[in-house]
Amino acid sequence: MRTTSTPPVQRPSGMPIAKYRPFLETNPISLPDRTWPNKQITKAPRWLSTDLRDGNQALIEPMDPARKRELFDLLIRMGYKEIEIGFPAASQTDWDFVRSLVKDDAVPDDVCVSVLTQSRSDLIQRSIDSLQGFAHANVHMYNATSPVFRDIVFRNDWKATVDLAVTGTRDILAYAEKVLDADMVFGYQYSPEIFIDTEPDFALEICEKVMDVWQPEEGREIILNLPATIERSTPNVYADQIEWMSRNLSRRQFIAISAHPHNDRGTAVATAELAMLAGADRIEGCLMGQGERTGNVDLVTLGLNLFSQGVDPMIDFSDIDTIRRTVEHCTSMEVGPRVPYVGDLVYTSFSGSHQDAIKKGFAVRKAKVDAAGGDENAVVWELPYLPIDPHDVGRSYEAVVRVNSQSGKGGIAYIMSTKHKLEMPRRLQIEFSRIIQRHTESYGGEIDPDTMWKIFGDEYLPASEVGDIEPWGRFKLRGSQAVTTPGDDMGEDVTVTATIVDNGEEKVLTGRGNGPIDAFVHALEELGVELRVLDYAEHAMSSGRDALAASYVEVTVEDQVLWGVGIDPSITRSTYKAVISAVNRALR
């Protein structure tokens, strides 16, 4: 036997890689003294939701006014203070929606709306006209600055591209001063599109020229959006670009650097987080990442990532399922079951080892919370496989553990405990998990808590007459009475008189022992039943007048070792029923 091995040899894929080049070959940036890797996110950024603009234009079926309004109202309830509401110069539908928000007085005074426009005088004027009546609004203007757009799409050189940005900024200033109310708070956002592919020195130059026109100062900020419109580099490269711009921009204290990552490489969330470390003040994205192609950065994932680190996202995610349902309804786009924090399965474990760890984690946490006087918030959240408490986003614990053929005793015990209030002893957990595994292997798929209960009841509980379990088995307890008398050596003797139905025939049995269980076992000997009790456990299933008790008895019967379970309002009768359960199972 060899104790070392040679790793498998990777063969060339045969795919046409020669047509592609590493990003840094064409977009080099040198930042050897970068500082962002040593920083930590300690507060939420400013958030801009672009669901109603960037998100809407990416839909197969764009939202109608009613769905747009429903999504807008959701964003307001969640606490977003900056919302891009449309491209009013591009369509009558967007224009009408923007104006409806003014007509309905739907925008709180502390919320800033923004509209998008290209650098064209007619579009700029119509965009600004749409803003009349708002208390606080921005115009967001962009023009293409990256080489592929300058050379292929617009055939503009550097000067023409700069002139377009400068002229558009002047037009915005002049027309806004002409038509907007003097008491309106009016702001400006400029985007060099596509920043990530634009030469850094040119991106810096065009932003400086735009600022020369806008003249940012105290109380007059400018928002510079530096978008990763097509995500083409690793997140660390974008972070270098953001830090380089943040260092080199003049008037930095009056600038809000806004990051707008898309998800073409599947790393938009990491890109946004590293951009924040590198100096971005604001993040633009969509709920659930619903945007062009692979989507905008997901604001929900970003916000709850902060929450999981003890940083207040300043957004209310406490009812995550309502948020998801609203987004799905408004966008007609489904959210996948494994989308972080939101998907149906993100807090769910099927694996036996995961389930066992979660079950133990909940037990330890409960003990700590009890020691803290029941204050959940006084105990740091530390649970295996669960980065946040599902309760904090409105999820129950029911779906945390779900059972299929891969599950083990821990998950099954967790469901029986949380759903059915049975705290099964460990060896009973093992025995019952084998029964469940046989079922899942035979029938496939997942087994829900109700089906699990029916299987458990059919296996263990006919004598307890619980729910709709069909009766079976040779013996049934009809009634019992126990009398305690002083015994030898200062102990006690218990005499049990039990009425047992044996295959339909009622019999009265009497047994004596050093406790109720021992006495009941001796009584069964009159029927020719010989058994020995190996283990016993009991607990209350609830409190109050109608409380039930559960008892568990491990016995040997005819060379079989197996468990019986009894449930009854009387703890003593539940114990007798557990013994009968075990005997019936042995004879079954």
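**Cysteines, core and surface**

The sulfur of C112 lies 17 Å from the closest cysteine sulfur, that of C286, which is too far for a bond. For C330 the closest cysteine sulfur is also in C286, at 13 Å, and again too far for a bond. A search of the whole structure finds zero disulfides, a disulfide being a pair of cysteine sulfur atoms within 2.5 Å. This is a predicted model, in which local features need pLDDT of at least 70 and side-chain atom pairs count only at pLDDT 80 or more, while totals for chains, interfaces and linings use all residues. Residues are numbered from 1 along each chain as its sequence is written, and side-chain values use heavy atoms, leaving out hydrogens and water.

Let's move to the nonpolar cores, sets of buried Ala, Val, Leu, Ile, Met, Phe, Trp, Tyr and Cys residues joined through side-chain atoms within 4.5 Å. The largest has 129 residues, of which Y80, I85, F134, L287, L422, F432 and F456 touch the most other members. Helix 8 (residues 200-214) gives the most to this core, with nine residues. Apart from it lies another core, of 27 residues, including F475 and V583.

What does I85 contact, leaving aside its neighbours within four places in sequence? Its partners include L52, F72, L101 and F134 (contact means heavy atoms within 4.5 Å).

Notes
Buried < 20%, exposed > 50% of the residue type's maximum accessible area, 1.4 Å probe, protein only. Helix = DSSP H or I, 4+ residues; strand = E, 2+ residues; numbered from the N terminus.
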